[in-house]
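I would ask you to keep the sequence and the structure in view while I speak.

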Amino acid sequence: MKKLIFSFAILALVMVACQNNSEEAIPNQEAAVDMSDFYVYTSADDVSAKSSADAKNDKCASMKVLNQQLKDNPGLENRMFAIEKHTREYIAAKGSTQKGKPGGSGTPPPTPYVGTVNIPVYVHVIYSNSAQNISDSQINSQITVLNNDFNDTNYTDVPAEFRAVGANVDINFTLSASNIARHSNSTSSWGTNNSVKSAYPPVAGYLNFWVCNIGGGILGYAQFPGGSASTDGVVVGSEYFGVTSGAYGLGRTATHEVGHWLNLRHIWGDGRCQQDDFVTDTPSSDRANYGCPSYPTVHCQSNDMTMNYMDYTDDACMNMFTLGQNDRIRAIFASGGARESFVQ
Ligand SMILES: [Zn+2]
């Protein structure tokens with residue numbers, strides 16, 4: 001046993017030596033990334049336990065759905081780990097490129113990081129009453145919101161401390177009239193178990209939206225990159241898709257859910273202060289924010305970026321993605337990325 005431990009120790013020493021060596025001798029070596037903080041399971045099933053009194057309801061079910069998918073599919077965690085590793089390697093390589101150092105063999109090329117990403121959209125409208133059979137103009141208003149939010153170049157409307165990290169994500173969403181499918185169905189509440197996707201499967205090559213009544217106070221849920229193609233896409237409640245009325249009537253539910261579909265976590269990391277969203281330029285927080293918070297709102301000893309699309313604030317009070325979030329999004333379109341097919 002001692003001999004075995006000794007052998008491992010020697011092996012570890014050799015590996016460390018090799019790593020050190022390779023960093024010095026082979027400058028093009030793939031960037032090493034730290035994956036020690038990676039997590040997939042979250043406390044999303046227990047939002048009330050960590051949130052303030054007014055935050056007892058989860059409005060987005062993406063993390064809860066992810067928790068269930070991880071339980072049902074043991075391979076998903078490994079796929080998400082690989083996607084996260086690719087993302088971090090991509091961001092690390094991008095950083096080294098910016099500093100004038102050449103990228104290595106594992107470094108994705110700079111394009112399509114630079115330039116517009118075009119995403120064709122397919123919308124499934126599933127209705128049990130006429131109100132849920134939303135109009136073409138309501139659907140098109142959602143596409144306009146997505147294009148505005150993912151092409152924002154004006155950040156004068158955010159607090160000065162966050163202005164410099166506002167990002168133009170540069171994604172163009174397109175929807176042709178023939179890619180709206182309408183289905184009458186007596187189901188009045190679809191829940192968050194992907195059953196609506198089983199009933200009306202996604203169309204390959206598109207960002208699929210299912211617009212239906214979800215129920216349970218849930219506005220929407222998305223599937224992260226790495227999940228099954230048969231359930232890939234975003235589900236949004238009928239009254240929250242497009243420009244409608246009320247606190248969630250400006251189409252930001254879809255913006256938030258598309259953020260998840262593009263591999264963004266909730267800005268507070270679905271956990272306490274140490275649990276992160278894997279984005280360096282978003283402040284740490286231990287909870288979702290609701291309503292329209294005043295600035296500054298302080299948690300974890302820093303000002304929350306309550307106006308970020310990946311928080312839970314009212315539609316009118318969220319208006320930014322960050323450069324760090326944009327890096328994560330761009331990584332999945334890069335060579336080897338989980339949604340690379342959209343730019344090929
Ligand atoms: Zn969410």
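Predicted model: local features only at pLDDT ≥ 70, side-chain atom pairs only at ≥ 80, totals over all residues.

The protein contains eight helices and eight strands. Of its 344 residues, 41% are buried. If we take contacts between residues at least 6 apart in sequence, 67% of them join residues at least 24 apart.

Let us now consider two helices. H4 covers residues 136-149 and H7 covers residues 252-261; their axes lie 9 Å apart and form an angle of about 60°. H4 and H7 are therefore described as oblique to each other. The crossing of H4 past H7 is right-handed.

Which residues in H4 and H7 meet? From H4 they are Gln142, Val145, Leu146 and Asp149, and from H7 they are Ala254, Thr255 and Val258. Sorted by class, this contact has four nonpolar residues, two polar ones and one charged one.

Finally, I turn to Gly220, which belongs to strand E5, residues 220-222. Is Gly220 buried or exposed? A residue is buried if 20 or more other C-beta atoms lie within 10 Å of its own. Gly220 has 26 such neighbours inside 10 Å, so Gly220 counts as buried.

Leaving aside residues up to four places away in sequence, Gly220 touches several others, including Cys60, Val234, Tyr240, Thr253, Ala254 and Glu257. Thr253 is 33 residues from Gly220 along the chain, yet their C-alpha atoms are separated by 6.6 Å. Ala254, touched by Gly220, is also one of the H7 residues that meet H4.

Key: Residues numbered from 1 in each chain as written. Axes fitted to C-alpha atoms, helices over the stretch in contact; angles between N-to-C directions. Helix = DSSP H or I, 4+ residues; strand = E, 2+ residues; numbered from the N terminus. Parallel < 35°, antiparallel > 145°, perpendicular 65-115°, else oblique. Left-handed = near helix turned anticlockwise from the far one by under 90°. Contact = placed C-beta atoms within 7 Å. Nonpolar A, V, L, I, M, F, W, Y, C, P; charged D, E, K, R; others polar. Buried ≥ 20, exposed ≤ 12 C-beta atoms within 10 Å, placed from the backbone.
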